[in-house]
Amino acid sequence: MAKQQRSVVVTGVSSGIGLATAKAFLSAGFRVFGSVRKDEDARRLAAELGAGFSPLVFDVTDEKAVKTAASRVRSALNGQTLAALVNNAGIAVAGPLVYLPIADFRKQLDVNLTGVMVATQAFAPLLGVDRSLKGKPGRIVNISSGSGRQATPFLGPYAASKFGLEGLSEALRQEMMVFGIDVVVVAPGMVATPIWDKAEALDVEPYATTAFAAPIENVRFMAVKQGKAGMPAEKIAEVVRRAVAARYPKPRYEVSRGGMGKLVLSLLPRRTVERLTANAIGLKRIRN
């Protein structure tokens, strides 16, 4: 009897970690349902990735569209469970918190945090919450970040979303035990993805007359430089694939190049690290 092909859903596969993850699962023999927000990306990826890939067009903040996609996946599974949901879709909003437009902050949380809830609720029945499905319970993998444990200046909105995702994942992991569904966090460090092209194009003009003008420019320059020299997305994708395949996965996988500098910083008091960071980017107290 032929072995049943297992399927995964990966959100945000148009580029970067999401695309690399889709390719990693395809190479391992999985059927991949990958979400994009644009029809042109769906057509491009369907042609590029082949018959094992099925594009889903939705924005993770659009509950109706996500539920419609989940219904499509249910039909394709033909009564079987989904092997995994990889919540990867996300954006990075930058800016000094005291001046940041509240609408931008809301958008950051809506995509990176509420969007994970929307996708999780829509696809959870297919992972095994619906007990009528056949097959082993699936697994949820949430893509966090090093910013989910340590925040840096001007990336407060992004850090808030990833700190929140870490807490959501811990609570969800315990709740989903009743269904046998595990929840795993994968937290990458700097990864070379197109997100850094967006960072390079960040409009800092709204903050040009504030005390943050020079420091935010320094952070942008450093982030783009470090990001473009970051790890390949394929390295993160392989960790995600192993987290789904492992019999006993770790609750959290931190993927970074580390090094002595990171070790030293981890041993220093938090306020010392924050002062060093502030000095490095030119954040200095204003004196009368």
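Mentor: Welcome! In this text a helix is a DSSP run of H or I with at least four residues, and helices are numbered from the N terminus. Please keep in mind that the model is predicted.

Trainee: How far apart are the end C-alpha atoms of H10?
Mentor: Let's start from what to expect: H10 has 12 residues, so at 1.5 Å a residue it should span 16 Å. The distance in the model agrees with this, the end C-alpha atoms being apart by 17 Å.

Trainee: Which residues of H10 are exposed on the side away from the buried ones?
Mentor: The buried residues in H10 are Val273, Ala278 and Ile281. They lie on the same side of H10, because they cover an arc of only 135 degrees around the axis. On the other side of H10, the exposed residues are Arg271, Arg275 and Asn279.

Trainee: Are H1 and H8 parallel or oblique to each other?
Mentor: Helix H1 (residues 16-27) and helix H8 (residues 233-245) pack with their axes 8 Å apart, at an angle of about 50 degrees. Angles under 35 degrees would count as roughly parallel, and 65 to 115 as roughly perpendicular. The description of H1 and H8 is therefore oblique.

Trainee: Which residues of H2 meet H1?
Mentor: The axes of H1 and H2 cross at roughly 35 degrees and come within 12 Å, in a right-handed crossing. From H1, the residues in contact are Leu19, Ala22, Lys23 and Leu26. Their partners in H2 are Leu45, Glu48 and Leu49.

Trainee: Is Phe154 buried or exposed?
Mentor: Phe154 sits in the loop between strand S5 (139-143) and helix H5 (156-175), and has a positive phi of about 75 degrees although it is not a glycine. A residue under 20% relative accessible area counts as buried. With 8% relative accessibility, Phe154 is therefore buried.

Trainee: And what is the relative accessible area of Asn78?
Mentor: Asn78 is in the loop between helix H3 (63-77) and strand S4 (84-87). Its phi is positive too, near 55 degrees. Over 50% counts as exposed, and Asn78 is exposed, with a relative accessible area of 66%.

Terms used: Residues numbered from 1 in each chain as written. Predicted model: local features only at pLDDT ≥ 70, side-chain atom pairs only at ≥ 80, totals over all residues. Heavy atoms only, no water. Helix = DSSP H or I, 4+ residues; strand = E, 2+ residues; numbered from the N terminus. Expected span 1.5 Å × (residues − 1). Buried < 20%, exposed > 50% of the residue type's maximum accessible area, 1.4 Å probe, protein only. Arc of directions from axis to C-beta. Axes fitted to C-alpha atoms, helices over the stretch in contact; angles between N-to-C directions. Parallel < 35°, antiparallel > 145°, perpendicular 65-115°, else oblique. Left-handed = near helix turned anticlockwise from the far one by under 90°. Contact = heavy atoms within 4.5 Å.
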